[in-house]
Amino acid sequence: GDNSLFWEVGKIDPRTRFLQNAFADDENTQFINNLFDDTAAVLWMSNNNGGGYLGLHAWFSLMDDQIVINLGWFGGAGRFFDNGQAFLQVSWQGEVSGRAMNARLMFFYDQAMPSLVGLGPDDADYGFGLSWDWLAMEQLGVFVRFVWNFEDVNPVNWDAQIGIQYAGLGNEDSALGFAFGVLVVNTDVYSAPKDYEFVFELYYRYALEQGKAQITPFFQLIIDPGAGVGFVDSNLYLLGIRLHVPF
């Protein structure tokens, strides 16, 4: 009928299955700062090369894929059934004013990372996240993401991001992006005054050969790096360039 059930098991990266966003989800082609790629308010059971943990992921689509429900469980070797991470996400995709819009609501329960950082076997973290994006104009996309956790496990209590992407500047495969993000430290994890880290990023991705080669100069301004943990109040300026050749 109109409904489908899918599942997968193996070395799966939960960051690519949950809280996705059309304009802030890929460090290779979109924003470089990790705050705009993977929320810091979740201690993802993952690593930098996208693997290392066993995952079981299933998703159920309804109403011609307008509604998708995702369920995931991730765990390490020898502890898959005892200490893991659970995710539940409900997504809606459709059109508003004739242009694509996506909205995702995610809940997570984490008993894996608390055990890895030395907390008790009954300690766990849980929270929720929202991700929204909309192609507001033919070339202009906007996005918002917000994530909050409730237990004293993650050094980051919550974070939020908002930004835009303008596509087709130079050629159809190029894009300009600007975003602002904030994260707040959990003062019950770090005995420090409550403080915030603010991040601004501007990038321009210029694509050659129909996107086969991409050159991205970028600028970042980070105000109060580390949100006051181990740093004095200061500003960090980053100017760089990214070269990406997909094949």
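## An exposed loop residue

E172 sits in the loop that runs between β8 (156-167) and β9 (175-185). This is a predicted model. E172 is exposed, and its relative accessible area is 69%. That value is over the 50% cut-off for exposed residues.

E172 can also be placed relative to Q210. The two residues are 38 residues apart along the chain. Their C-alpha atoms are separated by 8.2 Å.

## The overall fold

How many helices and strands does the protein have? It has one helix and twelve strands. Read along the sequence, they follow the pattern β-β-β-β-β-α-β-β-β-β-β-β-β. The radius of gyration is 19 Å, close to the 18 Å that the globule rule gives for 247 residues, so the protein is as compact as a globular protein of that length.

The C-alpha trace spans about 60 × 55 × 35 Å along its principal axes. Of the 247 residues, 43% count as buried. The protein exposes about 12700 Å². Carbon and sulfur atoms supply 61% of that area.

Contacts also reach along the chain. Take those between residues at least 6 apart in sequence. Among them, 55% join residues at least 24 apart.

## Strands side by side

Strand β2 (residues 54-62) pairs with strand β3 (residues 67-75). The sense is antiparallel, and the pairing runs over nine bridges. The hairpin of β2 and β3 has four residues between the strands. In this hairpin, M63 takes a positive phi near 55°.

β3 also pairs with strand β4 (residues 84-96). This pairing is antiparallel too, over nine bridges. Here N70 stands opposite Q89 in β4.

## Salt bridges

Side chains of opposite charge can pair when their charged atoms come close. A search of the whole structure finds four salt bridges. One of them joins the side chains of R17 and E8, at 3.0 Å from N to O. How accessible are its two partners? R17 is partly exposed, with a relative accessible area of 22%. E8 is also partly exposed, at 22%.

R15 forms a salt bridge with D13. Their closest N and O atoms are 2.8 Å apart. R15 counts as buried at 17% relative accessibility. D13 is buried as well, at 7%. Both values fall under 20%, which is the cut-off for buried. A network of salt bridges links D13, R15 and D38.

## A bridge between two strands

Which residue does R104 pair with? R104 forms a salt bridge with D133, and the closest N and O atoms are 4.0 Å apart. R104 lies in strand β5 (residues 99-110) and D133 in strand β6 (residues 125-135), so the pair ties together parts that are 29 residues apart in sequence.

Are these two residues buried or exposed? R104 is buried, with a relative accessible area of 17%. D133 counts as buried at 2% relative accessibility.

## Aromatic rings

The search of the whole structure also finds 19 aromatic pairs. Take Y196 and F198: their ring centres are 6.1 Å apart and their planes meet at 25°, so the pair is stacked. The cut-off that matters here is an angle under 30 degrees. Y196 counts as partly exposed, at 30% relative accessibility. F198 is partly exposed too, with a relative accessible area of 29%.

Y196 and F198 also belong to a cluster linked by ring pairs. Its members are Y126, F128, F146, W148, F150, W158, F180, Y196, F198 and F200. Pick them out in the structure to see where the rings lie.

Methods:
Residues numbered from 1 in each chain as written. Predicted model: local features only at pLDDT ≥ 70, side-chain atom pairs only at ≥ 80, totals over all residues. Heavy atoms only, no water. Buried < 20%, exposed > 50% of the residue type's maximum accessible area, 1.4 Å probe, protein only. Phe/Tyr/Trp six-rings, centres within 6.5 Å; stacked < 30°, edge-to-face > 60°. Pairing = 2+ DSSP bridges. Rg over C-alpha atoms; globule rule 2.2 N^0.38 Å. Contact = heavy atoms within 4.5 Å. Areas by Shrake-Rupley, 256 points an atom, 1.4 Å probe, with all protein chains shown as cover.
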